[in-house]
Amino acid sequence: GVVWEWWVGGDSFRSAVVGERGVVCTVPPIVPVRAFLLCYSTDSRHPFTCGWIAQVNMVVMYTFAGLNMENYPPNNGTNLARACARFVDAPPTPAAVRSFLSGYAAVPAADATCYNMTAQLPAGRNATISSGDWSGVGTGSDGESWDFETCTFLVEHVGTNGVTDMFPAREWTQAWLQQHCAWRFDVVPTPRALVDAWGFDELRRVGASRIIFTNGLNDGWSAGGITANLSADLV
């Protein structure tokens, strides 16, 4: 994938990330920080002193996800098309990532000399960039609310493999989500709670009728929608 080449273009940008806490790094944090012109704190409590590359990658991933959701109608003039072109046309260097971050991912102050990763955090205690929804939870109180939703009933199974997508492989697991949600909100995800309560996976059995499911295939979310008739009046 295109974005993957930015991360593996040289050994100095590789790191091994074991988790949000207890991270093992193969390079000093200052190396990717300087490469991507990220704002850096020497405070040992700062959440990004290790595992920086994984967090920058997460920002790039969910920024593309956001651009995809705004890609209506799909054409070469949308921000998604322009962002993709920026990666495809530029040489595989950290400069291209810096350009993308400053152009599309929560632009910092115009006079900023570095990119403020902390501005990507949602509100609340133990906030992290890699949150319950890897397509992005947002920032501030809105981000905290969606992070909580995806830590309870609305579990979002979003991951990357570097083969069918253009991002470095990062497997989503229920174990990772449970760890994140326990540390963040002291809650346990219940992904089947709404399905079991309302019979979403057996609509005919529970007596649902006269529902039209609209799924335009240009919509990035149509992959998770109902795209075939379930009955004569569940279409």
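Is Arg 184 buried or exposed? At a relative accessibility of 1%, Arg 184 counts as buried, where buried means under 20% relative accessible area, exposed over 50% and partly exposed in between, with a 1.4 Å probe and protein chains only. The model is a predicted one, in which local features need pLDDT of at least 70 and side-chain atom pairs count only at pLDDT 80 or more, while totals for chains, interfaces and linings use all residues. Residues are numbered from 1 along each chain as its sequence is written, and side-chain values use heavy atoms, with hydrogens and water left out.

Arg 184 forms a salt bridge with Asp 147, and the closest N and O atoms of the pair are 2.8 Å apart; the term requires a side-chain nitrogen of Lys or Arg within 4 Å of a carboxyl oxygen of Asp or Glu. Because Arg 184 lies in helix 7 and Asp 147 in helix 6, the pair ties together parts that are 37 residues apart in sequence. Helices here are DSSP runs of H or I with at least four residues, numbered from the N terminus. Asp 147 is buried as well, with a relative accessible area of 0%.

Two packed helices are described by the angle between their axes and the distance between the axes. The axes of helix 6 (residues 140-150) and helix 7 (residues 174-185) come within 10 Å and cross at roughly 130°, the axes being lines fitted to C-alpha atoms over the stretch in contact and the angles running from 0 to 180 degrees between N-to-C directions. That angle makes helix 6 oblique to helix 7, since angles under 35 degrees count as roughly parallel, over 145 as roughly antiparallel, 65 to 115 as roughly perpendicular and the rest as oblique. The contact, meaning heavy atoms within 4.5 Å, is made by Glu 144, Asp 147, Phe 148 and Thr 150 of helix 6 and by Leu 177, His 180, Arg 184 and Phe 185 of helix 7.

A second pair of helices can be read in the same way. Helix 3 (residues 52-69) and helix 5 (residues 94-104) pack at an angle of about 50°, with their axes 11 Å apart, and are therefore oblique to each other. Val 56, Val 59, Val 60, Thr 63, Phe 64 and Leu 67 in helix 3 meet Val 97, Phe 100, Leu 101 and Tyr 104 in helix 5.

The count of salt bridges comes to two. Besides the pair already described, the side chains of Asp 196 and Arg 192 meet in a salt bridge at 2.8 Å, N to O. Arg 192, at 45% relative accessibility, counts as partly exposed.

Methods
Helix = DSSP H or I, 4+ residues; strand = E, 2+ residues; numbered from the N terminus.
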